Amino acid sequence: MFTDAHLMQGQEGTAIGATEALDAGDYLTTTHRPHGHILGMGIEPKRVMAEIGGRETGISGGRGGEMHMFEPSQGIIGSNGIVGASLPHAAGAALASKLDGDDAVAIAFFGDGASNQGIVHETMNLAAVWELPVLFLVENNGYAVTLPVEESSGPEQLADRAAGYGMPGKTIEGQDVLTVYQEVSDSIESIRSGDGPQFIEAETYRYLDHTASLTGMFDYRSEEEEERWHERDPVPNFRERLLDADIFDADEIESIEATETERVEESVEFMEESELPPGEDAATGFYQDEEYDGIYQPRYR
Ligand SMILES: Cc1ncc(C[n+]2csc(CCOP(=O)(O)OP(=O)(O)O)c2C)c(N)n1
Ligand SMILES: [Mg+2]
């Protein structure tokens, strides 16, 4: 068995910059395109790869696939196949944090397409009214499957909507990991201090098609547009910045890249060698059981 995947190459700057700005104890909810966020939270690549492959060694025991990846002990309360559902889940975590009096912040990732869902507006409004400690971060990659954001959304910038919810909003360059880290850190600091929710629009781009199985099936983006966004590719641009600032030399960068490539290859091998969950155990972990203690922990780990 091999499930399809919503790949996120091109969006690394936003995923890594934003997750790096979170503290231990904070919460994260994400979308159908979650790999960067989950890896950014420190989950081992082999557990993510195994989940994509439906293996028992995956982050959700192979029962969820990429759209149901959870690790509550590390604040990950889920990737999600329902477009827009990451927002109410994050707001719920933020409400719990506020009621408990801890200083945790929740971050909800969502897409430009999701930003037009009814539940998104309802959640942002209520979060503002209740002054919840939550950051709404829309990854505006320009498209919902093939629909351009200009044809789905009214405002010039999605962040312009923040004023209508009664919260601060800003549009940032999502392709530069350091900018994202700085901007998200600033917002989180303000949210943690009790200033209420904020809205960030990160401008980004996905280099591949909506899902792996849809590769090349639709012609909706010009070569010129794709080239323009490749010039803003977060990975080589960050490599250049590290070299320019003498943080690493070329040999060190090469060695880091070789190590990481090997980690990815080992993750694929790990997935291929791992077992599928046993059929008789297929429903385990789906429902609350007697051992439920408020924090859901699958029994099959
Ligand atoms: C409520 C709902 N409607 C429709 C879909 C089908 N669907 C899955 S992803 C997607 C596009 C989402 O676009 P966007 O929010 O911009 O995220 P991106 O794929 O660009 O990361 C759609 C329409 C769904 N999963 N859930
Ligand atoms: Mg999109």
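Student: Where do Glu224 and Arg228 lie?
Tutor: Both are in helix H8, 4 residues apart, about one turn of the helix. Helices (H or I, at least four residues) and strands (E, at least two) are DSSP runs, numbered from the N terminus. This is a predicted model, where local features need pLDDT of at least 70, side-chain atom pairs count only at pLDDT 80 or more, and totals for chains, interfaces and linings use all residues. Residues are numbered from 1 along each chain as its sequence is written, chains are lettered from A and ligands numbered from 1 in the order in which they are written, and side-chain values use heavy atoms, with hydrogens and water left out.

Student: What do the side chains of Glu224 and Arg228 meet in?
Tutor: A salt bridge, at 3.1 Å from N to O. The term stands for a side-chain nitrogen of Lys or Arg within 4 Å of a carboxyl oxygen of Asp or Glu.

Student: How many salt bridges in the whole structure?
Tutor: The search finds 10. One of them pairs Asp26 with Arg192, with the closest N and O atoms 2.8 Å apart.

Student: Which parts does that pair tie together?
Tutor: Asp26 lies in the loop between helix H1 (12-20) and strand S1 (27-29), and Arg192 lies in helix H7 (residues 177-195), so the pair ties together parts that are 166 residues apart in sequence. Asp26 is buried at 2% relative accessibility, while Arg192 is partly exposed at 22%.

Student: And what about Glu173?
Tutor: Glu173 forms a salt bridge with Arg232, the closest N and O atoms being 2.5 Å apart. This pair also links distant parts of the chain: Glu173 is in strand S6 (residues 169-173) and Arg232 in the loop between helix H8 (223-230) and helix H9 (234-244), 59 residues apart. Glu173 is partly exposed with a relative accessible area of 26%, and Arg232 is partly exposed with 29%.

Student: Changing topic, which protein atoms hold the magnesium ion (ligand 2)?
Tutor: The protein donors are Asp112 (OD), Asn141 (OD1) and Tyr143 (O), lying 2.1 to 2.2 Å from the ion. Donors are N, O and S atoms within 2.8 Å of the metal (3.2 Å for Na, K and Ca); water is not among the atoms, so sites may look incomplete.

Student: How are the donor residues spaced in sequence?
Tutor: The spacing for the magnesium ion (ligand 2) is D-x28-N-x1-Y. Asn141 is buried, with a relative accessible area of 6%, and Tyr143 is buried at 9%.

Student: Where is Gln198, and what does its side chain contact?
Tutor: Gln198 is in strand S7 (residues 198-203), and is buried with a relative accessible area of 10%. Its side chain makes a polar contact with the side chain of Ser190 at 3.0 Å. A polar contact is a pair of N or O atoms within 3.5 Å; within protein, one must be able to donate a hydrogen and the other to accept it, and residues adjacent in sequence count only if both atoms are side-chain atoms.

Note on methods
Buried < 20%, exposed > 50% of the residue type's maximum accessible area, 1.4 Å probe, protein only.
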